[in-house]
Amino acid sequence: MKIGAKKGIRLCLCITICIPVLFGQVEAQKASTAKLPTIVDTDPNLLPHHINKEKAVGSPYLTTNWVTGYIELENHKHIPDSNEDVLLIYDKIKSIVYLANGLNKVWFYEIDSIKSFEMFDNNKVYEFEKVPWISSKFYLTPVIKSAKGYSLYKRLVTNFYWADYSTDGYSFKGKNYDEFDDSYIYYLAYPGNTVFKKLTLKENSIRRDLKQESILVKQFFDEHENDMNEQSLLALVQYIDDKKYPE
């Protein structure tokens, strides 16, 4: 076979393979239910080929479906407009908010473009905002906001863990599924909202971080013997605000 003929055959094969792929990508971008990017899809060969990975635990996204919501951009523009129908989904790993409208258009905003946003998933309301004097590199969720007293925020952190299953044919170790693990970091804003401290959910640590309120903290712990968790931390901060900074 001549060299020119061989090149022609290879070119035809390439076109035959590439056209469906390109059209598939275009259709994915058009559909409001398009599969969003996820790091689970980036490396399917981490496990041996004879091991079948189970479905990933957790998700890189805050909600399982597109939901309604509102966004305030840094330029003070609000999305959606009064005559606009927009759905949102939030990538917890990359801090990206994706949007889809009724015209089958999908677009996104990164964290440097957004001031705050809310999402409504059935009876759940999710609030996220940037608090510049704490950080503009991540969103915080307000737990308690006080103009005069202490405020409490929490930061959602999602870590991704690859499946690490291995076997020698006789025994095995690890897990055969990828996992997205959610946790929270808490930030206490002191009165005046210019000073903050990162908190851990340990009683001794919280006593130390609130040593200037030692009397009220002691009273609270004397009245409440529950283990320290988010609810007890919220109750403690609210207790101090109610006693010292009533609004």
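**Exercise 1.** In which loop is K175 found? Determine also whether K175 is buried or exposed, and which residues K175 touches.

*Solution.* The model is a predicted one.
Step 1: K175 sits in the loop between β11 (172-173) and β12.
Step 2: the relative accessibility of K175 is 19%. Buried means under 20% relative accessible area, so K175 counts as buried.
Step 3: the side chain of K175 makes a polar contact of 2.7 Å with the side chain of E179.
Step 4: leaving aside residues up to four places away in sequence, K175 touches Y161, W162, A163, D164 and Y165.

**Exercise 2.** Find how the axes of α3 and α4 cross, and list the residues through which α3 and α4 meet.

*Solution.* 
Step 1: α3 covers residues 214-223 and α4 covers residues 230-244. Their axes come within 10 Å and cross at roughly 130°.
Step 2: angles of 65 to 115 degrees count as roughly perpendicular and those over 145 as roughly antiparallel. The two helices, α3 and α4, are therefore oblique to each other.
Step 3: the crossing in which α3 passes α4 is right-handed.
Step 4: on the α3 side the contact has L216, V217, Q219, F220, F221 and E223. On the α4 side it has S232, A235, L236, Y239, I240, K243 and K244.
Step 5: sorted by class, the contact of α3 with α4 has eight nonpolar, two polar and three charged residues.

**Exercise 3.** Locate S95 and N193, each with a positive phi in a residue other than glycine, and state whether each is buried, partly exposed or exposed.

*Solution.* 
Step 1: most residues other than glycine have a negative phi.
Step 2: phi of S95 is near 55°, and phi of N193 is near 55°.
Step 3: S95 lies in the loop between β3 and β4 (96-101), whereas N193 lies in the loop between β12 (179-189) and β13 (196-199).
Step 4: S95 has 15% relative accessibility and so counts as buried. N193 has a relative accessible area of 23% and is partly exposed.

Technical notes:
Residues are numbered from 1 along each chain as its sequence is written. This is a predicted model: local features need pLDDT of at least 70, side-chain atom pairs count only at pLDDT 80 or more; totals for chains, interfaces and linings use all residues. Side-chain values use heavy atoms; hydrogens and water are left out. Helices (H or I, at least four residues) and strands (E, at least two) are DSSP runs, numbered from the N terminus. Buried means under 20% relative accessible area, exposed over 50%, partly exposed in between (1.4 Å probe, protein chains only). Axes are lines fitted to C-alpha atoms, for helices over the stretch in contact, and angles run from 0 to 180 degrees between N-to-C directions. Angles under 35 degrees count as roughly parallel, over 145 as roughly antiparallel, 65 to 115 as roughly perpendicular and the rest as oblique. A crossing is left-handed if the near helix is turned anticlockwise from the far one by less than a right angle, and right-handed if clockwise. Contact means heavy atoms within 4.5 Å. Ala, Val, Leu, Ile, Met, Phe, Trp, Tyr, Cys and Pro count as nonpolar, Asp, Glu, Lys and Arg as charged, and the others, Gly among them, as polar. A polar contact is a pair of N or O atoms within 3.5 Å; within protein, one must be able to donate a hydrogen and the other to accept it, and residues adjacent in sequence count only if both atoms are side-chain atoms.
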